[in-house]
Amino acid sequence: MMYATLSNESNYTVFKFNKHIIRFRAPHSLEHYSAVKEWDHGYLVVMAKYSHNSQEEEEYIDLVPILKDLYFDVEDFLKPIKEVRIEYA
């Protein structure tokens, strides 16, 4: 099964698939992502832990505009990804 990974480093969210590593700004209060609840061809629903909240909260990430801004062929890039997993540092 082809899967991608999601993690965070400093103030960045990191999405990895094959040899591509895509970093984009995350809220400064993000501590970590804990679970991927849904993957829908570029749209992620994840659980995230923020420093300002003792409870995890649901977060939404839309990769499509990020990929377009980076001049990816969005359809071609996303097509083989069947799952996204959390990668822990």
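Strands, like helices, are DSSP runs numbered from the N terminus (E, at least two residues, for strands; H or I, at least four, for helices). Residues are numbered from 1 along each chain as its sequence is written. Because the model is predicted, local features need pLDDT of at least 70 and side-chain atom pairs count only at pLDDT 80 or more, while totals for chains, interfaces and linings use all residues; side-chain values use heavy atoms, with hydrogens and water left out.

### The four-stranded sheet

β3-β2-β1-β7 is the strand order of an open sheet with mixed pairing, where two strands pair if DSSP finds at least two bridges between them. The edges are taken by β3 (20–25) and β7 (83–86); each has a single partner strand, so one side of each is left without a neighbour in the sheet. From one strand to the next, the twist averages 25 degrees, with axes taken as lines fitted to C-alpha atoms and angles running from 0 to 180 degrees between N-to-C directions. Within this sheet, β2 (residues 12–17) and β3 run antiparallel and are joined by six bridges.

### The three-stranded sheet

On to the other sheet. Here three strands form an open sheet in the order β4-β5-β6, and the pairing is antiparallel. On average, neighbouring strands are turned by 30 degrees against each other, direction ignored.

Eight bridges join β4 (residues 30–40) to β5 (residues 43–50).

### The nonpolar core

The largest nonpolar core has 23 residues, of which Leu-6, Phe-15, Leu-44 and Ile-81 touch the most other members. Such a core is a set of buried Ala, Val, Leu, Ile, Met, Phe, Trp, Tyr and Cys residues joined through side-chain atoms within 4.5 Å. At least two residues each come from β1 (3–9), β2, β3, β4, β5, α1 (63–69), α2 (74–78) and β7. β5 supplies the largest share, four residues. In soluble globular proteins, nonpolar side chains tend to be buried together.

Leaving aside neighbours within four places in sequence, Ile-81 is in contact with Met-2, Ala-4, Phe-15, Phe-17 and Trp-39, contact meaning heavy atoms within 4.5 Å.

### Ser-29, a buried loop residue

Ser-29 sits in the loop between β3 and β4. With a relative accessible area of 9%, Ser-29 is buried; the classes are buried under 20%, exposed over 50% and partly exposed in between, using a 1.4 Å probe and protein chains only. Not counting residues up to four places away in sequence, Ser-29 touches Lys-49, Tyr-50, Ser-51 and His-52. With His-52 there is also a side-chain polar contact of 3.2 Å. A polar contact is a pair of N or O atoms within 3.5 Å; within protein, one must be able to donate a hydrogen and the other to accept it, and residues adjacent in sequence count only if both atoms are side-chain atoms.

### Salt bridges

The whole structure contains five salt bridges, each a side-chain nitrogen of Lys or Arg within 4 Å of a carboxyl oxygen of Asp or Glu. The table lists some of them.

| Pair | N to O distance |
|---|---|
| Arg-23 and Glu-9 | 3.5 Å |
| Lys-49 and Glu-31 | 3.5 Å |
| Glu-83 and Arg-85 | 3.3 Å |

Arg-23 is partly exposed at 47% relative accessible area, and Glu-9 is partly exposed at 35%.

Lys-49 lies in β5 and Glu-31 in β4, so their pair ties together parts that are 18 residues apart in sequence. Lys-49 is buried, with a relative accessible area of 15%, whereas Glu-31 is partly exposed at 41%.

In the remaining pair of the table, Glu-83 counts as partly exposed at 24% relative accessibility, and Arg-85 counts as partly exposed at 35%.
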